[in-house]
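Hi,

Here is the structure I promised to pass on. Have a look at it first, and then read my notes below.

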Amino acid sequence: MAKSKKKSNIIFTIIIIACIAVAAFSVFMIVKSNLEYKHIDDVNNQVVDNIIKSNGDENDSDGKNEGSESFTFDFNAAKNINSDTLGLLYIPSLDSKLPIVSGRDNDYYLHHAFDGSSSIGGTVFEEAGIKDGMDASHILLYGHYMKNGSMFGSHKEYKSADFYRSGNNDTFYIYTENSIKTYKIFSVHNTPPDSDVYTFNFSSVPYMLEYAKRWQSESIYDTGVDISNTTQIVTLSSCEETDYNERFVIQGALVSETPVSGGTVTIQ
């Protein structure tokens, strides 16, 4: 009987130690995750401070430009930090300003921040196989889904048709060295990682339009955007928040392009 009680005490002690170890590991992982998220935010904020100067709010009294902001994007400053810079992705509805880069492959910027430091948040980057850079008929941009809302983490808001239809939430912009490009979101949907949505280097604009019309029909809600005359589309792709075997995709069609010079763009 004494041996049985001693054995039970040993088992109980082992269980207690195991529970403490599991709890300690959980705390360690939470702290580690928080530090990693902080690093992402710190790097992003530092980059934004170096390449963007806020000019104050420029909201119209009638609310048409609610959520918009006047700021100056310095392409040359961004290029000095990272020579792979292509431009800046600005989504006013999400207050999201993210530099865009292009790497030699589709791996490096999954794990490196804009300043070159290691980061689980990575950097928004263009598909490495695209031939014409930001002039391609289909620009394909990848970004991580981050639970704290960093990178493409806030894109989940577009799962709501009500959010999409609020104000000017159907619009995003890309600023390059020599132009301001305005896009209307025409499709929002989930797709497998090997989906045909990741087709690029179309041989002609008509082929690209056929592709765009197909994926517009896959949208989780009807956007009503006329894409028949667009000459360029952009796909923003990230992991799906509830299933990392799926991708969440937002697609926009070019509706206007304004030339700029000098590498500095002021957004009103």
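Before the details, one definition: I say that a charge sits over a ring if NZ of Lys or CZ of Arg is within 6 Å of the ring centre and within 35 degrees of the ring normal. By that rule, the charged end of Lys159 sits over the ring of Phe248, 5.4 Å from its centre. Lys97 does likewise with Phe71, lying over the ring face at 5.2 Å from the centre. Please keep in mind that this is a predicted model, and every value here is computed from it.

Now the overall picture. The protein has 268 residues, and 44% of them are buried. It contains four helices and 11 strands. If you take the contacts between residues at least 6 apart in sequence, 61% of them join residues at least 24 apart.

The barrel

Eight of the strands close into a barrel, and the order around it is β3-β4-β5-β6-β9-β10-β8-β7, with mixed pairing. On average, neighbouring strands in this sheet are turned by 30 degrees against each other, if you ignore direction. As a reminder, strands of a sheet pair through backbone hydrogen bonds, and they can do so parallel or antiparallel.

Both kinds of pairing turn up here. β4 (residues 96-102) and β5 (residues 124-126) run parallel and are joined by three bridges; Ser102 stands opposite Glu126 of β5. β6 and β9 also run parallel, with five bridges between them, and His138 has Ile233 in β9 as its bridge partner. β9 and β10, on the other hand, pair in the antiparallel sense over eight bridges. Those two strands make a hairpin with two residues between them, and Thr235 has Gln251 in β10 as its bridge partner.

β9 is mostly covered, with seven of its eight residues buried. Helix α4 (residues 205-216) lies across β6 (138-142), β8 (179-191), β9 (233-240) and β10 (243-259), and it runs at about 50 degrees to β8.

The core and its rings

What sits in the middle of the largest nonpolar core? That core has 65 residues, and Phe73, Tyr158 and Leu236 are the ones with the most contacts inside it. In soluble globular proteins, nonpolar side chains tend to be buried together. Leaving out neighbours within four places in sequence, Leu236 is in contact with Leu89, Ile91, Leu141, Phe152, His155, Phe172, Phe248, Val249 and Ile250.

A search of the whole structure gives 13 aromatic pairs. One of them is Tyr158 with Phe163, an edge-to-face pair at 5.0 Å centre to centre and 85 degrees between the planes. Both Tyr158 and Phe163 are buried. Elsewhere, ring pairs link Phe71, Tyr90, Tyr173 and Tyr175 into a cluster, and Phe71 is the ring that has Lys97 over its face.

Loops to look at

His144 lies in the loop between β6 and α3 (161-164). Is His144 buried or partly exposed? Its relative accessibility is 22%, so His144 counts as partly exposed. Setting aside residues up to four places away in sequence, His144 touches Leu110, Ile120, Gly121, Gly122, Ser150, Met151, Phe152, Gly153 and Ser238. The C-alpha atoms of His144 and Ser237 are 8.3 Å apart, although the two residues are separated by 93 residues along the chain.

Two backbone angles are also worth a look. Most residues other than glycine have a negative phi. Met151, one of the residues that His144 touches, has a positive phi of about 55 degrees without being a glycine. Met151 is in the loop between β6 and α3, and it counts as buried because its relative accessible area is 4%. Asp95 has a positive phi too, about 50 degrees, and is not a glycine either. Asp95 is found in the loop between β3 (85-91) and β4, and at 55% relative accessibility Asp95 counts as exposed.

That's the lot from me. Over to you!

Notes: Residues are numbered from 1 along each chain as its sequence is written. This is a predicted model: local features need pLDDT of at least 70, side-chain atom pairs count only at pLDDT 80 or more; totals for chains, interfaces and linings use all residues. Side-chain values use heavy atoms; hydrogens and water are left out. Rings of Phe, Tyr and Trp (its six-membered ring) pair if their centres lie within 6.5 Å; planes under 30 degrees apart count as stacked, over 60 as edge-to-face and the rest as tilted. Buried means under 20% relative accessible area, exposed over 50%, partly exposed in between (1.4 Å probe, protein chains only). Two strands pair if DSSP finds at least two bridges between them. Axes are lines fitted to C-alpha atoms, for helices over the stretch in contact, and angles run from 0 to 180 degrees between N-to-C directions. Contact means heavy atoms within 4.5 Å. A nonpolar core is a set of buried Ala, Val, Leu, Ile, Met, Phe, Trp, Tyr and Cys residues joined through side-chain atoms within 4.5 Å.
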